[in-house]
Amino acid sequence: MRALVVDHSEAGPVRFADVDEPVPSTGEALVEIRHICLNFGELNYVDQWPAGSVHGHDAAGVVVRAASDGSGPPEGTRVAVGMAPHAWAERVAVSPASLGTVPESVDLADAAALGIAGVTPFRVLRTRSLLARDVLVTGASGGVGHFAVQLAALAGARVTALVGSPERAAGLRELGADKVLTDLAGAGGRFDLVLDTVGGPLLARAWSSLAEGGTLHLVGYSSGQETTFPSGALFGFGEPRSIATYGDMTPTGGELTDLLGLMAAGRLSAPVGLRGDWQDVGDAVQALFARKVHGKVVLDVA
């Protein structure tokens, strides 16, 4: 079968290759993949995976063979695959714990976009009550940012979306942002929770905008830049502020099910900014790296 595998050469970060068919264990379902979703991190930091291995974590498709131990969805079920290894292939053996059943009213391509980008902010934002709280989402025009803005607004927060340019602000107010800024200096207040996808100097500025008792959650570092805190910036009186890292790789099935339910109810939309054929993965990767995509890249598997 065909798959996208890790390529460490200059032609990378991925290439097509013929690989062996997956052999599911007793506790794994065999899923025929219909759509894959690209994530900036897994492509930009491809050196963290072995060359030649089937790449990717997010996809959607149909169960063609249920797990032989009776766990998980039956044959014929439409499923989203989230944060599962080796997902960018024509067929994938995957634990039911990493699958979410896709309601009939939800497009499979939209379901493919959930995975990392949907589950990450879902897990972060449910760590505290957001009702009438002030929340800042940096890098809000990306996939994680689009989902974070919607989920924070659904939870009753006052949401400020920060983007890199006016061109990247389109549609964020419609998703629930109360303010859309290109410069944190215009925020005009402090935040109870910051979800940061950018890192670098912006991280230090976001810290200075954090309210007493607030938490700054680090979920990405797309800038690739170092962060330097000014002298004394990490000292303060009052209720303690905190910086929280993120690396939750536990199975995503429960969160995928919740997110798919919100999509089916019309309360959450998938931020698919580029849809194409997986044969054109090279062009899609270039567009993603060049920041030309607002939201997620979803590719159809022929």
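Trainee: How far apart are the mean positions of the positive and negative charges of the protein chain?

Mentor: This is a predicted model, where local features need pLDDT of at least 70, side-chain atom pairs count only at pLDDT 80 or more, and totals for chains, interfaces and linings use all residues. Residues are numbered from 1 along each chain as its sequence is written, and side-chain values use heavy atoms, with hydrogens and water left out. Lys and Arg count as positive, Asp and Glu as negative, while His and the chain ends are not counted; each charge is placed at NZ of Lys, CZ of Arg, CG of Asp or CD of Glu. For the 22 positive and 33 negative charges, the mean positions lie apart by 7 Å.

Trainee: How many helices and strands does the protein chain have?

Mentor: Both are DSSP runs, numbered from the N terminus: helices are H or I with at least four residues, strands E with at least two. The count is seven helices and 15 strands.

Trainee: What is the radius of gyration of the protein chain?

Mentor: This value is taken over C-alpha atoms, and the globule rule is 2.2 Å times the number of residues to the power 0.38. For 302 residues the rule gives 19 Å, and the chain comes close to that, so it is as compact as a globular protein of that length. The radius of gyration is 19 Å.

Trainee: Which residue forms an aromatic pair with Phe 16?

Mentor: Rings of Phe, Tyr and Trp (its six-membered ring) pair if their centres lie within 6.5 Å; planes under 30 degrees apart are stacked, over 60 edge-to-face, the rest tilted. The count comes to four aromatic pairs. In this one the rings are edge-to-face, 5.0 Å centre to centre with 85° between the planes. The partner of Phe 16, 262 residues apart from it, is Trp 278.

Trainee: Is Trp 278 buried or exposed?

Mentor: Buried means under 20% relative accessible area, exposed over 50%, partly exposed in between (1.4 Å probe, protein chains only). Phe 16, at 23%, is partly exposed. Trp 278 has a relative accessible area of 0%, so it is buried.

Trainee: How many residues of helix 3 are buried?

Mentor: Helix 3 spans residues 115–125 and is largely enclosed by the rest of the structure. Its buried residues include Phe 122, Arg 123 and Leu 125.

Trainee: What share of the 302 residues in the protein chain is buried?

Mentor: The same cut-off of under 20% applies. Over the protein chain, the buried share is 51%.
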